[in-house]
Every structure is written in structure tokens, then in C-alpha cells.
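Me: I've got a new structure open and I'd like to get to know it. Can we go through it together?

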Amino acid sequence: PGTRNWTILRKLLPDALFITLSRIEAENWKRSGGRAVAVIYGNDFPYDPGDPPPSEPFRIFVGGSSDRDLRAVALLEREVLSSNEPIELVVAVGGPGKTIRNGAAVVHYLPSLSQLDFGAAIASSHLTYLPLLDRERAAGHMILVGSLQMGVPVVLKGGLGMDGYVDGRFVQSAPRGDSPLADILRTRAGLPGRAETREHWRTQFSKAAY
């Protein structure tokens with residue numbers, strides 16, 4: 001609301017029904033006089049689930065670029081490298097590739113990836129961490145659904161447009177705190193298995209379910 005694009009759309013499409021991926025988008029559009037309905041996003045991605053990774057190192061995936069909280073990603077990188085734990089952080093948010101090591105802790109920044117390689121990076125991880133800025137629009141849905149399809153649970157932080165996706169088990173919401181790594185590691189012992197997570201995707205977010 002209040003942006004130039006918003007004003008243009010209100011003038012060009014005053015009576016069109018908008019279908020949005022979050023309730024907050026639909027509510028804002030209706031509040032401005034338009035018509036809108038919110039739906040939950042689902043999809044089948046052309047990803048290969050591959051083999052589950054070994055128990056260690058514990059691998060955390062962060063991917064995508066839309067509305068990502070890059071300060072939270074940088075903080076997580078610092079915490080992983082200073083943890084002295086066998087933890088790998090895999091970051092795929094665009095930009096050049098590089099690897100940083102400190103003892104058993106490793107941070108991989110991946111270069112631009114094909115869709116299949118992006119899916120493989122998710123599949124080789126134990127957990128997807130999705131730190132989002134609190135903007136009043138949908139963001140992060142494709143990463144969330146793609147991760148569940150690969151059997152990888154999601155920890156979500158921020159993101160006003162993600163209401164309706166957090167179930168407390170397969171998609172957990174982390175509180176806004178000073179330590180994203182602590183929030184992630186608190187969930188580690190209770191993470192659901194890959195087969196159970198994939199079944200949740202199949203019944204809730206797959207094209208067959210829709």
C-alpha cells in the first residue's frame with residue numbers, strides 16, 4: 001500500500017478479483033476498495049529428493065532472494081563459524097560462490113544455480129532456514145513448499161505474509177531473538193523425518209492435493 005505500483009493497479013484494475021498468496025495482501029487490497037481472496041501456495045517442483053544426508057555435519061540451507069533478511073543471514077554465518085560445532089551453512093541467495101571454514105564449522109555461499117541444482121542443495125540439507133523481512137506481501141512460499149517436497153522441515157523467521165503456513169512441526173516459527181543459530185538448534189532434536197515431511201507436502205501442498 002502506498003507504492004506507485006499499487007496506485008497504478010488500483011487505477012487500471014479497479015474491479016478485478018485479485019488472488020493473493022497471503023491474507024495480509026488480500027486484506028490490504030480490500031481495504032483500499034478492491035476485491036481479493038487469499039489462497040495457500042502449492043506446487044510440484046522437478047527436484048530429485050536424493051539420499052538423506054548423514055547425521056553430521058548438521059546442514060542448514062538458506063535460499064532465495066525475495067524479501068530475505070540478509071542481516072539475519074550474516075548473523076547466522078558468524079554464529080556458525082564461532083560455534084566450534086560440526087555445522088554447515090549452505091547459502092544460495094545469489095552472488096559469487098565462496099567457502100569459509102573455522103574448525104568443524106563451514107559456510108558455503110553457492111553461485112547462481114539451475115533449478116535442479118537448487119533442489120539438490122535443499123535435498124542435501126537437514127533443515128531450511130527462512131529469514132524474511134516483515135513486509136506486507138507474500139515471499140518465501142516457493143522455498144518453503146520445495147523444501148517440504150524434499151522432506152526438509154522449515155524454520156521461518158519474520159514474514160508477515162506467511163500466515164497459514166506455520167503448523168508448528170513441519171514449518172516452525174522462530175521468535176525474533178538475538179541468536180538465529182540457537183533458535184535453529186532448539187528444533188533439531190524434534191525435527192520430523194524426511195518421509196513424514198514429504199507425506200505432509202503430498203497431502204497439503206502437492207498438485208495432487210490441490
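Here are some questions and answers on the chain, its aromatic rings and one alanine.

Reply: Before we start, this is a predicted model, where local features need pLDDT of at least 70, side-chain atom pairs count only at pLDDT 80 or more, and totals for chains, interfaces and linings use all residues. Residues are numbered from 1 along each chain as its sequence is written, and side-chain values use heavy atoms, leaving out hydrogens and water.

Me: How many helices and strands does the chain have?
Reply: Helices (H or I, at least four residues) and strands (E, at least two) are DSSP runs, numbered from the N terminus. On that basis, the chain comes to 7 helices and 9 strands.

Me: What share of the residues is buried?
Reply: Buried means under 20% relative accessible area, exposed means over 50%, and partly exposed is in between (1.4 Å probe, protein chains only). Of the 210 residues in the chain, the buried share is 44%.

Me: What kind of aromatic pair do F18 and W29 form?
Reply: Rings of Phe, Tyr and Trp (its six-membered ring) pair if their centres lie within 6.5 Å; planes under 30 degrees apart are stacked, over 60 edge-to-face, and the rest tilted. The structure holds 5 aromatic pairs. With 4.3 Å centre to centre and 35° between the planes, F18 and W29 make a pair that is tilted.

Me: Where do F61 and F118 sit, the two rings of another pair?
Reply: Their pair is edge-to-face, with 5.4 Å centre to centre and 85° between the planes. Both F61 and F118 are buried. The pair links distant parts of the chain, 57 residues apart: F61 is in strand β3 (residues 58–63) and F118 in helix α4 (residues 115–123).

Me: Is A38 buried, partly exposed or exposed?
Reply: A38 is found in strand β2 (residues 35–38). Because its relative accessibility is 30%, A38 counts as partly exposed.

Me: Which residues is A38 in contact with, beyond its neighbours within four places in sequence?
Reply: Contact means heavy atoms within 4.5 Å. Leaving those neighbours aside, A38 is in contact with T20, S22, R23 and A26.
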